[in-house]
Amino acid sequence: MKNINAISRALWISLLIIVLTGCGFHLRGALPTLTMDNPIYIAGVDKNSDLYLELARQLRGAKSVVTETRSLAKSVLTISDYRSRERQLTLNSSNQAVEYELEESFNFSVQTSRTTVESRPLKVTRVLGRTESETLAREREEREMRINMRHDLVNQLMYQLARIN
């Protein structure tokens, strides 16, 4: 009886693992494995910008090598049209904006020895509520939200890069 229960439990666990991996389940925050040729050169972004630093950090976290010299690179990741926008979303009765839509976006393309990926857009949007009385808190919240949006944008890029063969 104990042997049947152990086999039954093992089958259920195996089935659960197969279902979870088949549906694309992955642990939160887990970085995808990249198959791009190393080292990778990042073009189109200032080397001191927050976007470049976040991108280089996540590439290194995915066990890729980032080079600052294009001639040494076997893969080139080009970022273009980076935009950080804000638009009024909701107005109050005094015709003052109380909600804003924040947007971070860019296009990317990849060139490796095996393949070329044409320019593709990525975009992240969030809604930010504002009141006139909390100016300093509002500015801090927007700054933190933009940092998180940039992180999410680079995460999207990492998953796109993981699909490149």
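This is a predicted model: local features need pLDDT of at least 70, side-chain atom pairs count only at pLDDT 80 or more; totals for chains, interfaces and linings use all residues.
A salt bridge is a side-chain nitrogen of Lys or Arg within 4 Å of a carboxyl oxygen of Asp or Glu.

| Pair | N to O distance |
|---|---|
| Asp152 and Arg126 | 2.3 Å |
| Arg57 and Glu54 | 2.7 Å |
| Arg150 and Asp50 | 3.6 Å |

The side chains of Asp152 and Arg126 meet in a salt bridge, and this pair links distant parts of the chain, since Asp152 belongs to helix α3 while Arg126 belongs to strand β5, 26 residues apart. Asp152 counts as partly exposed at 25% relative accessibility, and Arg126 is likewise partly exposed at 31%.

Arg150 and Asp50 also form a salt bridge, which joins helix α3 (residues 135-162) to helix α2 across 100 residues; Arg150 is buried, with a relative accessible area of 12%. By contrast, Arg57 and Glu54 both lie in helix α2, three residues apart, about one turn of the helix. Arg57 is partly exposed at 46%, whereas Glu54 is buried at 15%.

Now to the sheet: five strands form an open sheet in the order β2-β1-β3-β4-β5, with mixed pairing. The edge strands are β2 (66-67) and β5 (116-129), each of which pairs on one side only. Strands β4 and β5 pair in the antiparallel sense over twelve bridges.

Asn107 lies in strand β4 (residues 97-111) and is buried, because its relative accessibility of 18% is under 20%. Its side chain makes a polar contact with the side chain of Asp81, at 3.1 Å.

Note on methods:
Residues are numbered from 1 along each chain as its sequence is written. Side-chain values use heavy atoms; hydrogens and water are left out. Helices (H or I, at least four residues) and strands (E, at least two) are DSSP runs, numbered from the N terminus. Buried means under 20% relative accessible area, exposed over 50%, partly exposed in between (1.4 Å probe, protein chains only). A polar contact is a pair of N or O atoms within 3.5 Å; within protein, one must be able to donate a hydrogen and the other to accept it, and residues adjacent in sequence count only if both atoms are side-chain atoms. Two strands pair if DSSP finds at least two bridges between them.
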